Amino acid sequence: MLRSLYTSCTGMMNEQNRLDIMSNNLANVTTAGYKMESTASQSFDRVLAIKIRDASEAFNDHFIGTMSLGVKLGEVYTDYDQGAVRKTSETYDLALSGKGFFAIRFVDANGNESEKYTRDGNFRITQDGYVEDSFGNKLKTESGVLQVPTDAANISIQRDGSVYADGNLVDKIKIVDFEDYDYIEKYGDNLYQVVNGATETEPTAEVLQGYIEQSNVNPVREMVDMIAIQRAYQASSKGITTAENMMDKAINSVGVVS
């Protein structure tokens with residue numbers, strides 16, 4: 001019966017973790033370029049059900065019978081599928097069609113500079129002509145950061161990322177892609193960073209001026225999955241209640257002499 005308590009408890013904890021991730025997806029339905037997260041569940045580690053080898057078993061490990069030790073969150077992964085593209089006609093709204101990321105010059109609170117990546121193309125221009133994201137991080141180019149003439153009458157950005165001001169080439173936006181997305185992780189503020197082992201590859205993405213890539217979260221599907229999670233949580237909760245009632249009867253009723 002104690003095992004049933006632990007099994008039900010792991011079920012409730014797993015569904016709570018899944019619900020937290022799903023709630024974060026729903027909170028970012030309107031966030032430009034946001035990539036949803038999904039989860040995979042797996043059985044709790046079976047190694048804890050192995051009898052430690054001793055002389056009685058010829059020093060061989062073996063499982064202690066057949067049992068279920070519950071469930072846990074096996075993996076949280078990001079879905080990098082392309083989001084819908086919405087037309088805004090704004091000069092510095094940029095969307096990527098295909099695989100790749102905008103490179104961003106990121107400066108932390110201590111003044112340390114690094115390169116981050118994003119699919120959020122909701123950029124703006126400063127008084128000095130720098131193109132920044134909503135957090136003040138500058139958009140990188142192949143030669144530095146993007147700065148356009150403030151007195152230019154027309155800013156045109158081509159599909160390959162080339163930026164023209166009144167017909168004159170200013171710079172080219174830096175687009176980066178990676179061979180394996182398992183080597184990039186979310187940093188925060190809709191940015192990504194690489195981890196050891198990341199290998200850059202030639203991006204296939206095209207830059208679309210005057211468009212914004214929307215979140216790839218499907219709110220209807222997320223709401224349906226949320227209902228399923230709630231029911232699974234309730235089922236695990238019912239399991240705990242049942243186990244408690246059984247223990248109560250075993251302790252207070254079985255063997256009582258009337």
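Glutamate 213 and arginine 119 make a salt bridge, with their closest N and O atoms 2.9 Å apart (the rule: a side-chain nitrogen of Lys or Arg within 4 Å of a carboxyl oxygen of Asp or Glu). The pair links distant parts of the chain, 94 residues apart: glutamate 213 is in strand E20 (residues 211-213), and arginine 119 is in the loop between E8 and strand E9 (124-125). Helices (H or I, at least four residues) and strands (E, at least two) are DSSP runs, numbered from the N terminus.

This is a predicted model, where local features need pLDDT of at least 70 and side-chain atom pairs count only at pLDDT 80 or more, while totals for chains, interfaces and linings use all residues. Residues are numbered from 1 along each chain as its sequence is written, and side-chain values use heavy atoms, with hydrogens and water left out.

**Salt bridges**
- The count by this rule is 8 salt bridges.
- Both glutamate 213 and arginine 119 are buried (under 20% relative accessible area; exposed is over 50%, partly exposed in between, with a 1.4 Å probe and protein chains only).
- Lys35 joins Arg119 and Glu213 in a network of salt bridges.
- Glutamate 115 pairs with lysine 140 in another salt bridge, the closest N and O atoms being 2.9 Å apart.
- Glutamate 115 belongs to strand E8 (residues 113-118) and lysine 140 to the loop between strand E11 (138-139) and strand E12 (155-157), so this pair ties together parts 25 residues apart in sequence.
- Glutamate 115 and lysine 140 are both buried.
- Lysine 138 meets glutamate 132 in a salt bridge at 3.3 Å, N to O; lysine 138 has 15% relative accessibility, so it counts as buried, and glutamate 132 is buried at 11%.

**Aromatic rings and charges over them**
- There are 9 aromatic pairs, counted for rings of Phe, Tyr and Trp (its six-membered ring) with centres within 6.5 Å; planes under 30 degrees apart are stacked, over 60 edge-to-face and the rest tilted.
- Tyrosine 80 and phenylalanine 101 have ring centres 6.3 Å apart and planes at 85°, so this pair is edge-to-face.
- Tyrosine 80 sits in the loop between strand E4 (71-78) and strand E5 (85-87) and phenylalanine 101 in strand E7, so the contact ties together parts 21 residues apart in sequence.
- Phenylalanine 101 is buried, at 2% relative accessibility.
- One aromatic cluster takes in Tyr80, Phe101, Tyr117, Phe178, Tyr181 and Tyr192.
- Lysine 99 has its charged end over the ring of tyrosine 181, 5.1 Å from the centre (the cut-offs: NZ of Lys or CZ of Arg within 6 Å of the ring centre and within 35 degrees of the ring normal).
- Lysine 138 also turns up here, over the face of tyrosine 130 at 5.0 Å from the ring centre.

**Strand E15 and its neighbours**
- E15 (residues 175-178) is covered on both faces, with Ile175 and Asp177 buried on one side and Val176 and Phe178 buried on the other.
- E7 (residues 101-107) runs antiparallel to E15, joined by 2 bridges (strands pair if DSSP finds at least two bridges between them), and phenylalanine 102 has isoleucine 175 as its bridge partner.
- E15 is also joined to strand E18 (residues 200-201) by 2 bridges, again antiparallel, with aspartate 177 opposite threonine 201.

- E12 and E13 (residues 162-165) pair antiparallel over 3 bridges, and isoleucine 155 stands opposite alanine 165.
- Their hairpin has 4 residues between the strands, and glycine 161 takes a positive phi near 95°.
- E13 is joined to E14 (residues 168-172) by 4 antiparallel bridges, with tyrosine 164 partnered by leucine 169.
- The E13 and E14 hairpin has 2 residues between the strands, and aspartate 166 in the turn has a positive phi of about 55°.
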